[in-house]
Amino acid sequence: MSTSTPSLATSEGTLFVVAAPSGAGKSTLVNALLEREPAISLSISHTTRPPRPGELYGRHYYFVERVAFEREVAEGIFLEHAEVHGNLYGTSRTTVSELLEQGRDVLLEIDWQGARQIRQSKPDCVSVFILPPSRAELERRLRGRGSDSAEVIARRLHNSREEIAHAHEFDYVIVNDRFEDALADLQAIVHAVRLRTSLQWQRHEALIAELLA
Ligand SMILES: Nc1ncnc2c1ncn2[C@@H]1O[C@H](COP(=O)(O)OP(=O)(O)OP(=O)(O)O)[C@@H](O)[C@H]1O
Ligand SMILES: Nc1nc2c(ncn2[C@@H]2O[C@H](COP(=O)(O)O)[C@@H](O)[C@H]2O)c(=O)[nH]1
């Protein structure tokens with residue numbers, strides 16, 4: 001995250017990146033945040049993972065075949081992409097750029113590998129890592145969700161160690177124990193970031209000029 005004084009000239013939106021081990025509650029938290037903060041746009045990823053019951057094309061993901069995904073990688077359409085739990089996932093470059101240029105804040109729900117790529121291409125992004133309160137609770141949430149087979153759950157639990165090992169690369173870490181507390185923390189981060197963005201500074205320019213006159 002940039003710590004420099006925001007430029008008065010720019011009015012690009014902020015790019016938020018949220019990551020967590022599978023089952024920590026990232027999607028649930030992000031969906032609740034978006035209800036409270038409708039000015040944030042969620043980027044819909046492309047994936048080769050088959051849809052879960054109830055998941056819709058274009059709403060939860062753009063579900064594509066592996067061959068099509070690999071062609072899109074070669075065409076350079078992804079801002080970032082990674083293999084996660086045996087499936088490919090990627091973020092559309094043009095969708096994110098267009099939204100940011102319109103001044104919209106954009107949120108990416110991606111894994112640590114994607115977050116690392118985003119930090120390289122968009123160093124001003126704000127990244128947040130969500131931790132579960134314990135391994136036992138992570139497992140309980142994965143099983144309780146009831147959306148994955150025992151084999152998939154075992155794989156995701158195993159992979160959670162690698163994801164968590166990268167938590168220190170993020171600007172903020174939130175423990176999702178009591179849901180409302182974690183949501184308040186996430187919203188506080190969004191508010192704090194907005195207070196230092198260029199639009200906010202522009203808003204205060206007239207008052208600062210008046211006070212200095
Ligand atoms: N604070 C919480 N306390 C108890 N249960 C929670 C809490 N937060 C989320 N959950 C539940 O945990 C389960 C997993 O949540 P969710 O699907 O949001 O995880 P996720 O991190 O997005 O996982 P994935 O990366 O696999 O998509 C869901 O059933 C959700 O309702
Ligand atoms: N690098 C990326 N990771 C992504 C993207 N979209 C989702 N993800 C991550 O994949 C896992 C599993 O998600 P699930 O929906 O199958 O449970 C999770 O960590 C997501 O954050 C993406 O575009 N790029």
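Helix H1 and helix H5 each supply at least two residues of the shell around ligand 1. Helices here are DSSP runs of H or I with at least four residues, strands are runs of E with at least two, and both are numbered from the N terminus. The model is a predicted one: local features need pLDDT of at least 70, side-chain atom pairs count only at pLDDT 80 or more, and totals for chains, interfaces and linings use all residues. Residues are numbered from 1 along each chain as its sequence is written, chains are lettered from A and ligands numbered from 1 in the order in which they are written, and side-chain values use heavy atoms, with hydrogens and water left out.

The shell of ligand 1 holds 16 residues. A residue counts as near a molecule or strand if one of its heavy atoms lies within 4 Å of it. The closest to ligand 1 are Ser-22, Lys-26, Ser-27, Thr-28 and Arg-145. By class, this shell has 3 nonpolar, 6 polar and 7 charged residues. Ala, Val, Leu, Ile, Met, Phe, Trp, Tyr, Cys and Pro count as nonpolar, Asp, Glu, Lys and Arg as charged, and the others, Gly among them, as polar.

Oxygen atoms of ligand 1 take part in polar contacts (pairs of N or O atoms within 3.5 Å; within protein, one must be able to donate a hydrogen and the other to accept it, and residues adjacent in sequence count only if both atoms are side-chain atoms). A polar side-chain atom of Ser-22 lies 2.5 Å from an oxygen atom of the ligand. A polar backbone atom of Gly-23 is 2.9 Å from an oxygen atom of ligand 1. For Ala-24, a backbone N or O atom lies 3.3 Å from an oxygen atom of ligand 1. On its own, ligand 1 has 650 Å² of accessible area, and the protein covers 77% of it. Accessible areas come from the Shrake-Rupley method with a 1.4 Å probe; for residues, only the protein chains shown count as cover.

Ligand 2 is surrounded by 17 residues. Ser-45, Arg-49, Tyr-61, Tyr-89 and Arg-156 are the closest. Strands S5 and S6 each give at least two residues to this shell. Its residues divide into 5 nonpolar, 5 polar and 7 charged. A polar side-chain atom of Tyr-61 lies 2.5 Å from an oxygen atom of ligand 2. Tyr-89 also places a polar side-chain atom 2.5 Å from an oxygen atom of ligand 2. Glu-80 has a polar side-chain atom 2.8 Å from a nitrogen atom of ligand 2. The protein covers 95% of the 510 Å² of accessible area that ligand 2 has on its own.

On a 1 Å grid over the protein atoms alone, a pocket is an open set of points with protein on both sides within 12 Å along at least five of seven lines, a cavity is a set where a 1.4 Å probe fits but cannot get out, and lining residues have an atom within 4 Å of a point. The largest pocket holds about 1100 Å³ of space. Grid points are joined across faces, edges and corners, and a volume is the space filled by probe spheres set on the points.

The pocket lining comprises 40 residues, with Lys-26, Ser-27, Arg-52, Tyr-61 and Glu-109 nearest its centre. H1 (26–36) , S5 (78–84), S6 (87–92), H5 (135–145) and H6 (150–164) each supply at least two lining residues. H1 gives the most, 5 residues.
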